[in-house]
Structures are given as structure tokens and as C-alpha cells.
Amino acid sequence: MCRVYTFGPTFRAENSQTTRHLAEFWMVEPEVAFADINDVMNLAERMIKNVILSVSSSCGEELAFFNAKYQNDLKDSLQRYINNPFVRITYTQAVKILLDSNQTFTFPVKWGESLQSEHERYLSEQVYKLPVFVTDYPQNIKSFYMRQNEAEAGPDGEIRKTVACFDLLVPHVGELIGGSQREERYDVLKARME
């Protein structure tokens, strides 16, 4: 089998601390066998770039409207997204960038806490000005079915457990795609479910 996906109603598995995440929503969900997290991110990046190219070629009038009324550099931004690889940083790197930024955020930045919209937008709009994959979030804020990474020690010696996942952050949008490598090790998955 190839090119298998579903499109339908979805119920959020993890607790969300933002007002932008609905408990139920419609989602396109591709299933990719024998793939690691990099394969899944590559697929997501190709899909977004393909959608941008398709919309650019068939919806010129609508793009001109949004360029004039919403974001006056929209066409240039979309072209920049097509012409450049999306940025890839870990959650730990994202937290460090945010802490080192000297920005005043409404929600404090702390390793182990969810990134808020203001953090996501700062990374994609101010720091990189491109779509950004943030990977390897803390295990305790993500779903049980995401593949566990090897634990690492943090700067103060505490053990940090992360999972092989990503959020794709897009300027002027925020999180557009969330994805992960699924846990394939039966004993690890069973232990996480208990």
C-alpha cells in the first residue's frame, strides 16, 4: 500500500493549554510506514510547498486580495517559503532562543512547559522569518504514542525525556502541522499506556 491517508473528524489526545486548539477538528492524516521523524518532516515540507505552488498558480486573484488587505508581503513570503528549506530546531533550542531573547512574554518560558502562540510566532516571525519545525518536545506534554527519544541530562543535571515529534510553526499563522514518529516498541508503548 502507498499514499494512505485519512481525512475526517479528530479528537485531541493530549491536554492543550492554548485557546487555539480545539478538542475536535478535521484533519488530514497521512500514514507513513517505516519512516522516522525526518521522513515525516520531509513529507510535511514537500506537502506545504506543493500546496503553496498549487494555490499560487490557480488562485492568483485571491492571493492578490490577501496581499492587499491582510499581509502586504504575502506573495514574497510564500516565494521565500518555496525557495528555502524550512528551519529545524529542537524544543530545547527553541526554549534557549526564547530565554536569551530579552523579550517580555505574557507567558513565561520554561523547559517542560508548552510553547504558547506568542513564543511560536516570535520564533517563526522574528527569529527565522520562515516556517520552523520545532522537534523533540518533552514527553510529559505530548501523547503516549509518540516514540520516546533517549533521555538526556539538562544543564542542572535533571533527566529530560523527549519524544520524536514536531510542530511546524508558520509566520502569521502559528502551528500549522503537528506530527510524530509512532512508538513501535511494544514494551515501551505498553508501559506508557499503563
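Visitor: Before we start, what does buried mean here, and what does exposed mean?

Guide: Buried means under 20% relative accessible area, and exposed means over 50%. Anything in between is partly exposed. Keep in mind that this is a predicted model.

Visitor: OK. Is proline 131 buried or exposed?

Guide: Buried. Its relative accessible area is 1%, so proline 131 falls under the 20% cut-off.

Visitor: Where is proline 131?

Guide: In the loop between H5 and S4.

Visitor: And what does proline 131 touch?

Guide: Leaving out residues up to four places away in sequence, proline 131 touches Tyr81, Phe86, Val87, Leu168, Leu169, Val170 and Pro171.

Visitor: How far is proline 131 from lysine 96?

Guide: 18 Å, C-alpha to C-alpha. In sequence they are 35 residues apart.

Visitor: Is lysine 129 buried, exposed or partly exposed?

Guide: Partly exposed. The relative accessibility of lysine 129 is 44%.

Visitor: Switching to the core. Which residues touch the most other members of the largest nonpolar core?

Guide: Leu115, Leu123, Val134 and Phe166. This core has 40 residues.

Visitor: What does phenylalanine 166 touch?

Guide: With residues up to four places away in sequence left out, phenylalanine 166 touches Ile37, Val40, Met41 and Ala44, then Phe133, Val134 and Thr135, and also Ile177, Gly178, Gly179 and Ser180.

Visitor: Let's do H3. Which residues of H3 are buried?

Guide: Leu74, Ser77, Leu78, Tyr81 and Ile82. They span an arc of only 140 degrees around the axis, so they sit on the same side of H3.

Visitor: Why would residues three or four places apart point the same way?

Guide: Because an α-helix has 3.6 residues a turn.

Visitor: What does the other face of H3 carry?

Guide: The face turned away from the buried side carries the exposed residues Asp76 and Asn83.

Visitor: And what do the buried residues of H3 pack against?

Guide: H1, H2 (60-69) and S7.

Visitor: At what angle do H2 and H3 pack?

Guide: About 115 degrees, with the axes 8 Å apart. H2 and H3 are therefore roughly perpendicular to each other.

Visitor: Which residues make the contact?

Guide: From H2, Leu63, Ala64, Phe66 and Asn67. From H3, Leu74, Lys75 and Leu78. These divide into five nonpolar, one polar and one charged.

Visitor: What about H4? Which residues are buried there?

Guide: Tyr91, Ala94, Val95 and Leu98. Their arc is within 100 degrees seen down the axis, so they line one face of H4. The cover over them includes S3, H5 and S4.

Visitor: Back to loops. Where does glutamine 139 lie?

Guide: In the loop between S4 and S5 (152-153). Glutamine 139 counts as buried, at 16% relative accessibility. Leaving out residues up to four places away in sequence, glutamine 139 touches Gln148, Lys161, Thr162, Val163 and Arg192.

Visitor: And serine 143, buried or exposed?

Guide: Buried, with a relative accessible area of 4%. Serine 143 is in the loop between S4 and S5.

Visitor: Last one. Is phenylalanine 34 buried or exposed?

Guide: Exposed. Its relative accessible area is 86%. Phenylalanine 34 lies in the loop between S2 (24-31) and H1. The C-alpha atoms of phenylalanine 34 and phenylalanine 133 are separated by 21 Å. Along the chain the two are 99 residues apart.

Definitions and conventions:
Residues are numbered from 1 along each chain as its sequence is written. This is a predicted model: local features need pLDDT of at least 70, side-chain atom pairs count only at pLDDT 80 or more; totals for chains, interfaces and linings use all residues. Side-chain values use heavy atoms; hydrogens and water are left out. A nonpolar core is a set of buried Ala, Val, Leu, Ile, Met, Phe, Trp, Tyr and Cys residues joined through side-chain atoms within 4.5 Å. Buried means under 20% relative accessible area, exposed over 50%, partly exposed in between (1.4 Å probe, protein chains only). Contact means heavy atoms within 4.5 Å. Helices (H or I, at least four residues) and strands (E, at least two) are DSSP runs, numbered from the N terminus. The arc is that of the directions from the helix axis to the C-beta atoms. Axes are lines fitted to C-alpha atoms, for helices over the stretch in contact, and angles run from 0 to 180 degrees between N-to-C directions. Angles under 35 degrees count as roughly parallel, over 145 as roughly antiparallel, 65 to 115 as roughly perpendicular and the rest as oblique. Ala, Val, Leu, Ile, Met, Phe, Trp, Tyr, Cys and Pro count as nonpolar, Asp, Glu, Lys and Arg as charged, and the others, Gly among them, as polar.
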